[in-house]
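Try each one yourself before you read the worked solution.

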Amino acid sequence: MKKIYLFANWKMYLGYRESQKLAMDLSKKIKTLPKNIEMVVFPSGLSIDKVKNTLPKVGAQNVYWVDKGGYTGEISAKMYKDMGAKYALVGHSERRHQFNESNEDVNKKMEAVLSVNMTPVLCVGETAVERKKGLTDNVVGLQIKKAYENISWNGKKMIIAYEPVWAIGSGHACSAVEAEKEHMKIRELVNKLFKIDPVILYGGSVRPENAHEYLSSHQIDGVLVGGASTILKSWVGIINIAKSI
Ligand code: PGA
């Protein structure tokens, strides 16, 4: 049976109480998940501690790479680990584009996450302009090479989320056929560079209406979902589609 990853990025949509409520409602609705489905929730940093009591697989949306020190407002990978986060998103497009995160920053974050034995989820993807210019493969390839520069893998699980920037939060999802093409190229590159077969998720305007086309594809191991994962009905809808595959 195909292993399916369902990752829910709650971004900054839900406050402390709202996060707690959604986690409770979700746990009542889903009770147990089949073994082949791995669901991880990425609540805001403030809510991780509470959410993990209800939904134990939680992750950080972002980390800082220094363990501790005078970095007002930042939270380190080590601190998230201490709080019980098992995963961390690294290089999400909203971090890259709204907070000017560079490939070098992403590389430091990858190292920090791996050093505390959390699983990083590297997010990559091209902008609409880059796609128009035919630069998708170059941009995504460089993001991957830079993110993993000087990092040794030692058999750890490598998870990459392909999220075209133009598809995120826009309602204009990349078709499964287009996403598959890019996933194949990412897989080839990672195989060549690290001799690893990575887990590759698709992200960008995934909804219950289109989730089946992604989740049923052999090239797509799961989805990273923003908006639709913050609405009980939509997220349960996506989970039910995964269960039916
Ligand atoms: P979206 O976000 O599902 O709201 O498009 C996806 C993401 O940013 O991971």
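**Exercise 1.** In this predicted model, is Phe-7 buried or exposed?

*Solution.* Start with the relative accessible area of Phe-7, which is 0%. Buried means a value under 20%, so Phe-7 is buried.

**Exercise 2.** Classify the pair formed by Phe-7 and Tyr-87, and say where its two residues lie.

*Solution.* First take the geometry: the ring centres of Phe-7 and Tyr-87 are 5.6 Å apart, and the planes make an angle of 70 degrees. Planes over 60 degrees apart count as edge-to-face, and that is the class of this pair. Next, place the residues: Phe-7 belongs to strand E1, while Tyr-87 belongs to strand E4 (residues 87-90). The pair therefore ties together parts 80 residues apart in sequence. Finally, check Tyr-87 itself: its relative accessible area is 6%, so Tyr-87 is buried.

**Exercise 3.** How many aromatic pairs does a search of the whole structure find, and how is the pair of Phe-7 and Phe-42 classed?

*Solution.* The search gives seven aromatic pairs. For Phe-7 and Phe-42, the centres lie 5.7 Å apart and the planes meet at 50 degrees, so this pair is tilted. Phe-7 sits in strand E1 (residues 4-9) and Phe-42 in strand E2 (residues 37-42), 35 residues apart, so the pair links distant parts of the chain. Phe-42 is buried too, with a relative accessible area of 0%.

How values were computed. Residues are numbered from 1 along each chain as its sequence is written. This is a predicted model: local features need pLDDT of at least 70, side-chain atom pairs count only at pLDDT 80 or more; totals for chains, interfaces and linings use all residues. Side-chain values use heavy atoms; hydrogens and water are left out. Rings of Phe, Tyr and Trp (its six-membered ring) pair if their centres lie within 6.5 Å; planes under 30 degrees apart count as stacked, over 60 as edge-to-face and the rest as tilted. Helices (H or I, at least four residues) and strands (E, at least two) are DSSP runs, numbered from the N terminus. Buried means under 20% relative accessible area, exposed over 50%, partly exposed in between (1.4 Å probe, protein chains only).
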